[in-house]
Amino acid sequence: MIPAANLPDTIPLFPLSGAIVVPRGRLPLNVFEPRYLAMLEDVLKTRERLIGMIQPVDKDPEGELHAIGCAGRITGFNEAKDGRYMITLTGVSRFRLQEQVEGFTPYLRGRIDWQGFARDLGGVEHITSFDRERFLELLERFFTAQELESDWENLTKAEPEMLINSLSMLAPFSPEDKQALLEAPTLADRRDILVTLMEFVLRRGEGGGVMQ
């Protein structure tokens with residue numbers, strides 16, 4: 001865990017549509033573009049090893065960015081034979097993007113504000129009431145409808161925060177839906193959004209619509 005006082009005012013930004021990391025969640029990334037390889041090299045030299053994951057508004061990494069992203073710390077790092085890097089980011093805290101910083105790096109950097117996200121820096125977040133059986137039944141129906149494979153045994157044993165955060169990051173929802181999951185104020189709110197999204201997909205499937 002990184003103390004709030006050690007969070008930098010400026011961090012590298014990795015704009016990627018459909019990819020979010022949430023506090024204490026783990027996001028695997030395949031890094032291969034030269035500018036992001038350069039970013040990775042620079043980030044690994046810093047004490048915090050932070051990368052700011054942020055979604056473009058219109059799926060264009062060169063265009064407007066959403067106001068809220070989340071910083072992840074590099075906690076896993078492997079180099080492939082072809083020069084790619086497989087990294088794991090562990091979410092630290094969400095942030096609000098103040099402005100992009102001009103400079104000589106090939107990648108984007110942002111001046112950010114951490115205020116308003118103090119909850120992210122605490123310990124594991126709990127939900128006072130969690131109907132696990134109902135949630136897993138809905139999840140199983142969703143996976144079946146989407147033809148998704150999963151390690152069901154580990155899913156059923158996962159703590160609520162890990163379960164909800166992992167699904168928020170990895171389930172095949174739209175970038176807009178992922179942004180809503182990222183911005184959810186509490187874990188309970190994120191759980192409620194997940195339930196709504198899965199139920200919506202299932203209703204569309206039953207009605208003959210195309211599931212996204």
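**Figure 1. Surroundings of Leu 182 in the predicted model.** Leu 182 touches Ile 20, Val 21, Val 22, Ile 68, Gly 69, Cys 70, Arg 94 and Arg 190, leaving aside residues up to four places away in sequence; a contact means heavy atoms within 4.5 Å. Leu 182 is part of helix α5, where helices (H or I, at least four residues) and strands (E, at least two) are DSSP runs numbered from the N terminus. Leu 182 counts as buried because its relative accessibility is 2%; buried means under 20% relative accessible area, exposed over 50% and partly exposed in between, with a 1.4 Å probe and protein chains only. Arg 94 lies 88 residues from Leu 182 in sequence, yet the C-alpha atoms of the two are 8.3 Å apart in space. The model is predicted, so local features need pLDDT of at least 70 and side-chain atom pairs count only at pLDDT 80 or more, while totals for chains, interfaces and linings use all residues. Residues are numbered from 1 along each chain as its sequence is written, and side-chain values use heavy atoms, without hydrogens and water.

**Figure 2. The buried side of helix α5.** In α5 (residues 175-183), Pro 175, Lys 178, Gln 179, Leu 181 and Leu 182 are buried. These residues are on the same side of α5 because they cover an arc of only 160° around the axis; the arc is that of the directions from the helix axis to the C-beta atoms.

**Figure 3. Helix α1 and its cover.** The buried residues in α1 (residues 34-43) are Tyr 36, Met 39, Leu 40 and Val 43. They fall within an arc of 100° seen down the axis of α1, and therefore line one face of the helix. The cover over the buried residues of α1 includes β1 (10-15), β2, β3 (50-54), β4 (68-79) and β5.

**Figure 4. Strand β2 beside strand β5.** Six bridges join β2 to β5 (residues 85-100) in the antiparallel sense; two strands pair if DSSP finds at least two bridges between them. Arg 26 stands opposite Thr 90 in β5.

**Figure 5. Confidence in the model.** The protein chain has an average pLDDT of 90, and 96% of the residues score at least 70; pLDDT is the predictor's confidence in each residue, from 0 to 100. Over residues 207-212 the pLDDT is below 50. Where pLDDT is low, predicted coordinates should not be read in detail.
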